[in-house]
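Here's a quick look at some helix packing and a metal site. Have the viewer open while you read.

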Amino acid sequence: MSMPPMKPPRKNPVLRTPQMNLPPASRGRVALGLAAAAAEGRLELQVCEDCGTVQYPPREACVRCVSPSLQWRHQSGEGRLMATTTLAHSNDLYFRERLPWRLGMVHLDAGPSVMVHLHGAVLEPAAGGEAPRVRVGARLDRAGQAVLIGFPENLNDAMQDDKMLREMACDPKFRKVLVTDGKSAVGQAVVKALVKAGADLVWVGHAEPWKKLPGLPEIAALPQVTLVPLDVTDERSVRELAGEIGGKVDIVVNTAEYHRAFGISARRGTDVAKAEMEVNYFGLLRLAQCFGPALKGRSADGATHATAWVNLLSVFALSNFPAQGTFCASKAAALSLAQCLRAEMRPAGIRVVNVFPGPIDEEWNQNVPPPKVAPAALATAIVKALQDGLEDVYPGDVAQEWVQRWRDNPKVLERELAAGGM
Ligand SMILES: [Zn+2]
């Protein structure tokens, strides 16, 4: 059985900081389809369009009829655990530090047999008895590659504490988190959700400490919360805070956002557009330059090592919604930069989580018709993404529908949005 993790003791500053060793990361181009689905928390396997065979491992052609027409399709992952083993020795540096490690062979109901990492709550198959039912899921490992995991059939919340699973996730439990903007409703909801999820300490940035902001005193009264001055438009402010707490932050959640609802011709000048870029794009760049290196340096530092960077983007980053045109452009710029950040963080095993909500229920979306994402629901989705180790999240009905339409045909979506259609 898996034991719940204990809060680790304080770090001895005299001991050296361990360096990160990643699990084996080399995969072929075809196998990346598995990672693309795992990044959103889904198990997808290749299905042959001609004969219907479900296959694993990923290949260029069908194992049964050699057809090249293969599609990635969602799988339930249900199957039977045929055999297990426990790794007691490994020449791989990553696994060497984490032994013993349980592995299993699962025969999926869909057809193929797969090798999986085993969750601690999965029971051993009894000799001569029926093979136990398990559910196989796909997760990203510390190298950002998809791996298969055998879960017990009924996974409950307590089972998230499994040691092997925690290795794949970025659970905020016992960790120290920086939320860059506590002024907004979303920022405050994220702080509350992190505290509820067991975060050890939450630093909450606020750009204008002299302003009496609604909701902030309530947040500040939480014992885990410390308010810190942080203005992401001011490089000195970002650098000073990084100098103070950069070496202790395990997760950065960038909630800083500047949002005004205008297109091109509805306003004169570029002041508002510049302000959006200053926060949404340059703000991320400043934070990444100041906090990124320290985060990378601590990615193997004990049980609560540095683990993730979360960006509050927008589904508007994928395709421009003209009624809020300049805001969308700043989010598209931020998305591109976040991809760069992800590439730079991956070798250290730090996960960059991009969150793409639909319209949030806040001041500048008053004229946008419902459904809108409530800040509390968005915050819950962000914490869940960290607990599940996801890379890309699309919270809310609008975001879910948009991303489907965008995948289906980005050109058609562009036309629909130009006509005002949500
Ligand atoms: Zn086939």
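Helices α7 and α8 (residues 282-297) pack at an angle of about 25 degrees, their axes 3 Å apart. α7 and α8 are therefore roughly parallel to each other, a label for angles under 35 degrees. Met277, Glu278, Val279 and Asn280 of α7 meet Phe282, Gly283, Leu284 and Arg286 of α8, with contact meaning heavy atoms within 4.5 Å.

This is a predicted model, where local features need pLDDT of at least 70, side-chain atom pairs count only at pLDDT 80 or more, and totals for chains, interfaces and linings use all residues. Residues are numbered from 1 along each chain as its sequence is written, and side-chain values use heavy atoms, leaving out hydrogens and water.

| Pair | Axis distance | Angle |
|---|---|---|
| α7 and α8 | 3 Å | about 25 degrees |
| α7 and α9 | within 9 Å | roughly 25 degrees |

α7 (residues 271-280) passes α9 (residues 325-345) in a right-handed crossing. The α7 side of that contact is Ala273, Glu276, Met277 and Asn280, while α9 brings Thr326, Phe327, Ser330, Lys331, Ala333 and Ala334.

Now the metal. The SG atoms of Cys48, Cys51, Cys62 and Cys65 are the protein donors of the zinc ion, 2.3 Å from it; donors are N, O and S atoms within 2.8 Å of the metal (3.2 Å for Na, K and Ca). Angles among the four donor atoms run from 106 to 114 degrees, making the site tetrahedral (four donors, all angles between 85 and 135 degrees). The sequence spacing is C-x2-C-x10-C-x2-C.

Conventions. Axes fitted to C-alpha atoms, helices over the stretch in contact; angles between N-to-C directions. Helix = DSSP H or I, 4+ residues; strand = E, 2+ residues; numbered from the N terminus. Left-handed = near helix turned anticlockwise from the far one by under 90°. Tetrahedral: all angles 85-135°; square planar, octahedral: opposite > 155°, others 65-115°. Parallel < 35°, antiparallel > 145°, perpendicular 65-115°, else oblique.
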